[in-house]
Amino acid sequence: MEEKDKKIFSDKEKITRRDFLGLSAKGAAATMIAGVFAPSVGSMIGLGGVAEAAKKKIKPFTFAVLTDGHLYDIKDHRFDAMFMKAVDMVNKMSPRPDMVIYAGDIGQTGLEAELKKGKQMLDKLKMPYKVIPGEHDWYLDMGKAWRGFFGDENWSINHNGAHVIGMNSIKIDDFWTGPGLTPEERMGRVLELECNSCGPWGVEADGLEWLEKDVKKVSPDTPIIFFSHSPLWDYYPRWNFNTKDAPEIRAILRKFDNVMAVHGHVHQVLFNKIGNISSVGTSSTSWPWPYPAVDLPYPHIRHNRLDPGNFEDGMGAHHLSVADDGSGTMFYDPFEPSSIPDAVKRGVKL
Amino acid sequence: MRKKQFVKVSSAALLLGSLVFLVSGTVQSKEPLDDAADFDRLMEAVAYGDQLWHTGEGGGGKHKELSTNGLGCANCHPDGSATQPESWPKYQTNLGKVGTLREMINWCIQVVQNGTGYALDSKEMIAMEAYATYMNRGTKLNPGLNAQTSPFVISGPGYPTNNEGNR
């Protein structure tokens, strides 16, 4: 790296936590809108970006992604079969994925029995897997059972030259203590997508602090793969199709040439790009959500109209392939191929 | 006609006419219109529909009319989205005929949620129809529309809820 490059990277890293935590909502929105249309910081200043990415040694690899099984503690529920079908699909993928990431909502009501059932099925994977929590996994016992099964809610690993991050993005301010809600009542509210007393989610201050430390020594030319349950942008906040501190997360990750953000929660084919961060949504193995009628000001993708009489339509697995130049391609692997438009079947560039 | 007979007939006609006037006057009279009270009655139905719409999410088997597998209407149709009340009646493949929104709601309950369903003129069915229709208020009639997206974006809480329990 040339001396002038080192100086600018150093300057970029001097953005303090206070700087990005201090972003106003208005400022954050402006940042996001500008990011949609403007080139990334790296390419604007002619540093890092493509030239730097070419220097980074990446050994190509593939990860599989599963999410949103919403298992019930009901014997032989049809969601069990669809969860297992996705696991079998991943086990048969060729080339075999190095790892599987589960992007949250294994259970529906947070019962230990639901999470246990999911873990038993995930244990049938022929490769290692990592899990992040969704709100349905969490708000019955505030993550106690989930942590017992799956460990840390925020984690990172280095794989073949890429840095892979998983975060708990579904943390809500306490809305239950004041009204004296029971754990079941708390969970009952959170499991409604339209919950209007739950408030917005995020990784919150401790999550931001963890992320800042985690990536501090990671070089900007390292491909980042970021997994969260909720999208890192304001898609449709009424259904919590957003992460409240996504602007701060994006500010922390802004130094990187390429960030591939994969999220669950939306149960649908979805894409967005803000600056250096591409976000891609995922299909569930339970049910599809409708698309809210939001006019997206950037290229976006959708699955085709689904048949409510076909319980597998719109559901499936995914895999993300990372090339030696650090770029990624996300593939949808649907149970019902007709749900995915041909252009999307060829993969989504990240 | 003799004068005495004429007086008797005229008196009878007058009496009959007065009765008809009184009766018709009673039928035609109305209570003053009270739009606010009528709207409140609608909102009671909407609120009941909202409650039913979200029953089943998480609680399997407690409301067999609605669900026996834990799924509620809101699992797939939050805010009544993608129900498209403006499009019914229409030909619906799953019904195999030109059907109504109420029939489609029952189809979802019985096929997707494994519930027993409701009579189409029941208080419950009307309440769910009221909820779905109210949440899609303002949309233009569009018979036969088949699309995957509801043509509305809700901002704010949608409509006032008391947030007691599971809504």
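# Pairing, packing and core in a predicted model

User: A:Gly166 stands opposite A:Phe227 in S6(A). What makes strand S5 and strand S6 of chain A paired strands?

Analyst: This is a predicted model, in which local features need pLDDT of at least 70 and side-chain atom pairs count only at pLDDT 80 or more, while totals for chains, interfaces and linings use all residues. Residues are numbered from 1 along each chain as its sequence is written, and chains are lettered from A and ligands numbered from 1 in the order in which they are written. Two strands pair if DSSP finds at least two bridges between them; 5 bridges join S5 (residues 162–167) to S6 (residues 224–228), so S5 and S6 of chain A count as paired, and they run parallel. Strands here are DSSP runs of E with at least two residues, and helices are runs of H or I with at least four, both numbered from the N terminus.

User: Why are S4 and S8 of chain A said to stand at the edges?

Analyst: The open sheet of 6 strands has the order S4-S5-S6-S7-S9-S8 in chain A, with mixed pairing. Strand S4 (155–159) and strand S8 (271–274) each have a single partner strand, so one side of each is left without a neighbour in the sheet. From one strand to the next, the twist averages 15°.

User: Why are H2(B) and H5(B) called roughly perpendicular?

Analyst: Helix H2 (residues 35–53) of chain B packs against H5(B) at an angle of about 95°, with the axes 7 Å apart. Angles of 65 to 115 degrees count as roughly perpendicular, whereas those under 35 are roughly parallel, those over 145 roughly antiparallel and the rest oblique; H2(B) is therefore roughly perpendicular to H5(B). Axes are lines fitted to C-alpha atoms, for helices over the stretch in contact, and angles run from 0 to 180 degrees between N-to-C directions. Residues making the contact include B:Leu42 and B:Trp53 of H2(B) and B:Ile126 and B:Tyr134 of H5(B), where contact requires C-beta atoms, placed from the backbone, within 7 Å.

User: Which residues touch the most other members of the largest nonpolar core, and what makes a set of residues such a core?

Analyst: Of its 101 residues, A:Phe226, A:Met260 and A:Val262 touch the most other members, and helix H5 (residues 123–135) of chain B gives the most to this core, with 7 residues. A nonpolar core is a set of buried Ala, Val, Leu, Ile, Met, Phe, Trp, Tyr and Cys residues joined through C-beta atoms within 7 Å. Buried means 20 or more other C-beta atoms within 10 Å of a residue's own, exposed means 12 or fewer, and partly exposed lies in between.

How values were computed
Two residues are in contact if their C-beta atoms, placed from the backbone, lie within 7 Å.
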